[in-house]
Amino acid sequence: MSDPHVLPDSAPLSPSPNPTPTLSDRQFSNFLEIAPDAVVIIDQDGKIVRVNRQAERMFGREREELIGQEVEILMPERFRKSHRDQRAGFVAHPNIRLMGGRLNQLWGLRKDGSEFPVEIGLSPMPDNESILVGSIIRDVTEQRRMVEALREADRLKYEHDRRIGREIQQGLLPTTMPRLSGFEISGRSLAPNIVGGDCFDFIPLPIAGRDALGVLVADASGHGIASALLTVETRAYLRGLALTCSEVGLLLSLTNQCLCNDITSDYFVTAFLMSLDPSTRSLNYASAGHLPGYVLDQQGKTRVVLPSTGLPLGIDPASKFSASTVSLEPGDLVLLITDGITEAASPDNGLFGMERTLRLVRQHQQQTPGEILTALFAAVNDYCNNNCLDDLTAVIIKVEGVA
């Protein structure tokens, strides 16, 4: 009895798997003709040997006009010499080059002389005796229009935010300088190119029935409308709290607690707050991570440096800010600035710096605070070739009288 699982010798074998189908010349030609992109095939000498229908449409030329011509006929004259050199290098070292990554760098030329941006993919096609190169060419005019439209939308949004931020900033700044017995005071803020988060302000701070003046210089981190809004918020908290509190250290502590509850990102604010007491001719200050203030005597020598007394606002809700009192002498000058001045960069990336700032103030110390600020801002703008990347803000206080 035969084994049913063993085929007899006469049983036909199972058919072998289908062989890999081959593409006939006719099928290949049909594929080329219906391809959505232009296809141009050239030989190793750069002569066009085959094009499809889309290439005719794209370049406005019949295939009879193209066959046998150098491929450079399809590009503007200014690119042809360099392309011939590149073509020779490609034939010597052929490799597949995919489309993409060179938008707006490659250009095609129509028969009527009009140019249009293209993307090109290359693939070597080895022949029996030579190398053919297949080019797939895509007109990216619409893609370019979309890119330009997106860029323009971004530019308009930037300009819109900049305008709003500038309006917010300008709305914060005092329109007139305060009058305080025994002092001459002036402040200024300038946002040359971009909107930052600088502000200065003068806040009434009555002390035991005496009319003292609060002087604020603040700088929110970052740029743009978010920084401007954060400065608005800081100023509003300080002004509101100053209605019932006149201690500068406590004012910064309470403002810091409010900001820590509001800020959810990496933003923060540096702030220098002082109160000027005309009856004692003294200043009392606290500083939240801000640049040091300086007190210069009548000869321009640094008499007192006013360093930071705590972290910037909006970082640690438990931060406390100690306050210090400095007696002022007739002829003294108090200088408060933001880092837009010290960090203003020259074309070779040198910084304006604090030493240069103090030297310039000393040179003009006999002038009014407003005139000193004019000279300082002009020097900073000249230094950075009128290309400041941050706000410039400063307050100068001169103690009246002669020592």
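Among contacts in the protein chain between residues at least 6 apart in sequence, 63% join residues at least 24 apart; contact means heavy atoms within 4.5 Å. The model is predicted: local features need pLDDT of at least 70, side-chain atom pairs count only at pLDDT 80 or more, and totals for chains, interfaces and linings use all residues. Residues are numbered from 1 along each chain as its sequence is written, and side-chain values use heavy atoms, with hydrogens and water left out.

**Overall composition**

The chain contains 10 helices and 15 strands, where helices (H or I, at least four residues) and strands (E, at least two) are DSSP runs numbered from the N terminus. Of its 403 residues, 42% count as buried; buried means under 20% relative accessible area, exposed over 50%, and partly exposed in between, with a 1.4 Å probe and protein chains only. The accessible surface comes to about 21600 Å², and 54% of this belongs to carbon and sulfur atoms (Shrake-Rupley method, 1.4 Å probe; for residues, only the protein chains shown count as cover).

**The largest nonpolar core**

A nonpolar core is a set of buried Ala, Val, Leu, Ile, Met, Phe, Trp, Tyr and Cys residues joined through side-chain atoms within 4.5 Å. The largest one has 25 residues, and Ile-341, Phe-352, Leu-376 and Val-380 have the most contacts inside it. Two or more residues each are given by strand S11 (293-296), strand S14 (333-337), helix H9 (353-363), helix H10 (369-383) and strand S15 (392-399). H10 supplies the largest share, 8 residues. Leaving aside neighbours within four places in sequence, Ile-341 is in contact with residues including Phe-352, Leu-376, Phe-377, Val-380 and Leu-392.

**Strand S1**

Strand S1 (residues 38-42) is largely enclosed by the rest of the structure, because 5 of its 5 residues are buried. Ala-38, Val-40 and Ile-42 point one way from S1, while Val-39 and Ile-41 point the other way. Two strands pair if DSSP finds at least two bridges between them, and the pairings of S1 are tabulated here.

S1 and S2 form a hairpin with 5 residues between them, and Gly-46 in the turn has a positive phi of about 85°.

**Aromatic pairs**

A search of the whole structure finds 4 aromatic pairs. Rings of Phe, Tyr and Trp (its six-membered ring) pair if their centres lie within 6.5 Å; planes under 30 degrees apart count as stacked, over 60 as edge-to-face and the rest as tilted. The rings of Phe-200 and Phe-202 have centres 5.8 Å apart and planes at 70°, so this pair is edge-to-face. Both Phe-200 and Phe-202 are buried. Phe-352 and Tyr-383 also form an edge-to-face pair, at 5.4 Å centre to centre with 80° between the planes. This pair links distant parts of the chain, with Phe-352 in the loop between helix H8 (339-342) and H9, and Tyr-383 in helix H10, 31 residues apart. Phe-352 and Tyr-383 are buried.

The charged end of Arg-356 sits over the ring of Phe-352, 5.5 Å from its centre; the criterion is NZ of Lys or CZ of Arg within 6 Å of the ring centre and within 35 degrees of the ring normal.

**Thr-368**

Thr-368 lies in the loop between H9 and H10 and is partly exposed, with a relative accessible area of 31%. Thr-368 and Ile-185 are 183 residues apart in sequence and 8.8 Å apart in space, C-alpha to C-alpha.
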